[in-house]
Amino acid sequence: MSVKFEQETVKKVSNVVEEAAKSAPGPIPGTKGNHPISAAVGAALTGGRDNAGNMGYLSAYIKQLEENPLRTKMLTAGTLAAAQELIASWLAKDRNKHGNYFTSRVPKMAAYGALISAPMGHFFIWLLQFIFRGRTSLRSKVMQIVVSNLLFAPIQNSVYLVAMALIAGARTYHQVRATVRVGFWKVMRVTWIASPICLAFAQKFLSDELWVPFFNLVSFVIGTYINTVTKKKRLAALRKKHFGDGRSNSGMGRPDDYPPIGPNPPY
């Protein structure tokens with residue numbers, strides 16, 4: 001009896017949905033009308049027919065990428081770069097002399113992401129996709145990864161380290177050069193591990209428009225982690241130097257800023 005009741009209930013619901021789909025004036029917005037029943041169910045589950053076809057946040061972002069690619073990438077990279085510095089400072093308890101996590105490095109990182117990282121990544125990704133346009137063989141995909149890691153990544157990483165040195169307060173050529181020498185191969189090792197995996201994923205699953213935001217997101221996650229670890233190590237070294245192993249300055253300020261050793265900068 002229970003089985004019979006369930007079957008009758010399912011049949012009645014199906015009939016109601018089918019009648020609603022047939023009586024609806026034309027296809028539901030955002031659908032082609034080829035599957036009216038499933039479209040009616042989907043519309044009912046996501047806000048009803050009145051809300052069907054409305055653009056979600058991801059769709060709106062993709063539309064902006066298509067219409068204003070460079071501007072959208074600049075805003076994205078700047079926001080993520082500033083957020084990376086702010087979150088890493090909070091996780092590492094790295095505060096300025098006033099006890100704030102929002103240090104002068106946050107807006108500087110935002111400027112770097114928007115004005116340097118995003119335009120450079122926009123050009124390199126365009127060049128990489130232009131060179132291998134229409135090539136879908138395994139050999140072409142492997143060559144795309146090789147070119148990205150051996151040609152573009154060293155340039156991006158060098159620019160990244162120079163920018164970080166300047167943001168941290170380096171003012172002479174020797175200070176900038178020392179930062180690049182210390183951090184270059186550390187950054188390249190991270191790049192050569194993460195970049196092939198991410199690039200292979202992008203080749204397989206993402207459209208060309210989504211490459212830059214995807215690499216920005218990956219760089220944000222990895223960069224936040226490494227920046228946090230670097231800050232913690234530097235703060236521990238400063239506490240040991242100034243207070244000894246048994247004392248702590250509670251994360252309240254530090255003598256100078258320092259350049260973080262991060263991953264491949266955002267594409």
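The legends below describe close-up views of a predicted model.

Residues are numbered from 1 along each chain as its sequence is written. Because the model is predicted, local features need pLDDT of at least 70 and side-chain atom pairs count only at pLDDT 80 or more, whereas totals for chains, interfaces and linings use all residues, and side-chain values use heavy atoms, with hydrogens and water left out.

**View 1. The helices of the protein chain.** The protein chain holds eight helices and zero strands, where helices (H or I, at least four residues) and strands (E, at least two) are DSSP runs numbered from the N terminus. Of the 267 residues in the protein chain, 38% are buried, buried meaning under 20% relative accessible area with a 1.4 Å probe and protein chains only. Among contacts (heavy atoms within 4.5 Å) with a separation of 6 or more, 71% are between residues 24 or more positions apart.

View 2. A pocket is, on a 1 Å grid over the protein atoms alone, an open set of points where a 1.4 Å probe fits, with protein on both sides within 12 Å along at least five of seven lines, and lining residues have an atom within 4 Å of a point. The largest pocket contains about 480 Å³ of space, the volume being that filled by probe spheres set on grid points joined across faces, edges and corners. Its lining comprises 23 residues, with Ile-125, Gln-129, Gln-144, Asp-208 and Trp-211 lying nearest the centre. H5 (105-131) is one of the helices that supply at least two lining residues, and H5 gives the most, with four residues. By class, nine residues of the lining are nonpolar, seven polar and seven charged, with Ala, Val, Leu, Ile, Met, Phe, Trp, Tyr, Cys and Pro counted as nonpolar, Asp, Glu, Lys and Arg as charged, and the others, Gly among them, as polar.

**View 3. Two nonpolar cores.** A nonpolar core is a set of buried Ala, Val, Leu, Ile, Met, Phe, Trp, Tyr and Cys residues joined through side-chain atoms within 4.5 Å. The largest such core has 16 residues, and those touching the most other members include Met-109, Tyr-112, Tyr-160 and Met-164. H5, H6 and H7 each give two or more residues to this core, and H6 gives the most, with seven. Apart from it lies another core of 15 residues, among them Leu-128, Phe-152, Phe-214 and Val-218.

**View 4. Spans annotated in UniProt.** The unreviewed UniProt entry places the feature "transmembrane region" at residues 110-132, 144-167 and 211-230; such annotations may be inferred rather than shown by experiment. Residues 110-132 are 96% helix and 0% strand, with end C-alpha atoms 31 Å apart.

Definitions and conventions:
Buried < 20%, exposed > 50% of the residue type's maximum accessible area, 1.4 Å probe, protein only.
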